[in-house]
Amino acid sequence: MVNQEDCFNPEMELMSRREIETLQLQRLKATVEHCMNSPFYNTRLKDYGVSAENIKSLDDLKRIPFTTKQDLRNTYPFGIASVSLDKCARLHSSSGTTGNPTVILHTQKDLNEWANAVARCLYMVGLRPNDVFQNSSGYGMFTGGLGFQYGAERLGMLTVPAAAGNTMRQIKFIKDFGTTALHAVPSYATRLFEIMQQEGVDPNRDTKLKTLIIGAEPHSEEQRRKIEEMLGVKAYNSFGMSEMCGPGVAFECKEQNGLHIWEDYYIVEIVNPDTLEPVPDGEFGELVLTTINREAMPLLRYRTRDLTRILPGDCPCGRQHKRLDRMKGRSDDMIIFRGVNIFPIQIETVLMQFKELGTNYLITLDNSPKGDVMTVEVEVNALATDDFGRLATLQKEIISRLKAEILVTVKVRLVPNGNLPQSEGKAVRVKDNRKTLYNS
Ligand code: AMP
Ligand code: ZN
């Protein structure tokens, strides 16, 4: 059970369900009222006959229409904001691969609350002012940079804003500055370890690393365990997205059994992505979030497209804030292959069970005269790559276990360590070269 000293903000972290829900209702009403200042929401809420007065219970949330990424694009750049620009202190923008990018505005109060949320998360996993926190995220528009920076400073740690890339320098900083906690995307954590190995650096012997914060991209439990073993650390899953500030939305506690979502900041719903009806706790669906502690740009019932579920039951840590299961991926990550729906994470889960395999893999989809072909390339780790007999046996075993998981036969290519493309930010796991209905 947690006590006051284990919490950065005991007043909020130790609330009972009743207290959480009372606060949520109060903040929801205030948010809906405030949204009337937003040109977008003013029209939208009036069209649906929603006002703060007719929100009488949390159940009334359902009266509010969903907000989508398309709404953010349509109102680009400032059309959803609920305050005038002179009240804003910063914006973050996501790259627009299709159509307009999206913009998220923050007031100084929003930035403050964001830093508090991140500090709360880092404190929850045991980080304290005497820790040295290194951040290997890109700084700039990607919220993993500044988001963690201000949160770690708020907690009072010595921060090392190393930013993305330059792995040799990253390792030097870890060694020279006595870094105890590192934030990295999971694929980069692996990369870091590979370079350490090449350079003869043993993380257990030569560094003080003990805590790793990993997030920003889907990863399996198996990959987490591999990373923990490689670097000799405890790795905690961190979930966030630019639309909700960035990091600090949901975070694992020391129990590592799901991510507490801070319900004094967000109201969480899981809905069936087809019917948009809420699903019961324990069932997977699309995560929908309502911000109830934001000034510049609150978002009501925002469809995140991330697929997860609420874990039923209480967390042994004692915090009553609900827990999300690790993300299965986004609805747009789903591969439709020969009529079967497959998430890359299902493939990863199988691959990570083989100790001979590294953590880097790439799924490629191609057309062929006989139908679509899926090739899974994965780096071989602990096996001599010239032992063709062993490689052939391993390859067969992977194909058969993948078939048992995803029900289709795929090609598997084992490649030497370091041969697949590496990215400094989020890893690209799927290359779809098909010309089909789905992506033409
Ligand atoms: P961005 O707004 O660019 O930071 O991207 C946010 C998206 O990254 C989320 O909507 C998720 O799809 C993904 N993401 C962030 N954190 C995690 C995590 N811990 N596990 C899985 N996916 C994540
Ligand atoms: Zn917990």
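**Exercise 1. What share of the contacts in the protein with a separation of 6 or more is accounted for by residues 24 or more positions apart?**

Solution. The structure is a predicted model, in which local features need pLDDT of at least 70 and side-chain atom pairs count only at pLDDT 80 or more, while totals for chains, interfaces and linings use all residues. Residues are numbered from 1 along each chain as its sequence is written, and side-chain values use heavy atoms, with hydrogens and water left out. Taking a contact as heavy atoms within 4.5 Å, one finds that residues 24 or more positions apart make up 66% of the contacts with a separation of 6 or more.

**Exercise 2. Describe the overall build of the protein from its secondary structure and its radius of gyration.**

Solution. Begin with the DSSP runs, where helices are H or I runs of at least four residues and strands are E runs of at least two, numbered from the N terminus; the protein has twelve helices and 20 strands. Next, the radius of gyration, taken over C-alpha atoms, is compared with the globule rule of 2.2 Å times the number of residues to the power 0.38. The radius is 22 Å, close to the 22 Å that the rule gives for 440 residues, so the protein is as compact as a globular protein of that length. Finally, the C-alpha trace spans about 70 × 55 × 40 Å along its principal axes.

**Exercise 3. Locate the nonpolar cores, and follow the contacts of Phe-251.**

Solution. Buried means under 20% relative accessible area, exposed over 50%, and partly exposed in between, with a 1.4 Å probe and protein chains only; 54% of the 440 residues count as buried. A nonpolar core is a set of buried Ala, Val, Leu, Ile, Met, Phe, Trp, Tyr and Cys residues joined through side-chain atoms within 4.5 Å. The largest has 67 residues, of which Ile-64, Leu-122, Phe-133 and Phe-251 touch the most other members. Helix α5 (residues 108–124) gives this core its largest share, nine residues. Leaving aside neighbours within four places in sequence, Phe-251 is in contact with residues including Cys-121, Leu-122, Phe-148 and Leu-259. Another core, of 25 residues, lies apart from the largest one and includes Val-350, Phe-354, Leu-357 and Tyr-361.

**Exercise 4. Contrast the burial of helix α11 with that of Ser-423.**

Solution. Six of the eight residues of α11 (residues 344–351) are buried, so this helix is largely enclosed by the rest of the structure; among them are Ile-347, Glu-348 and Val-350. Ser-423, by contrast, lies in the loop between β19 (411–416) and β20 (430–432), and counts as partly exposed at 26% relative accessibility.

Terms used. Chains are lettered from A and ligands numbered from 1 in the order in which they are written.
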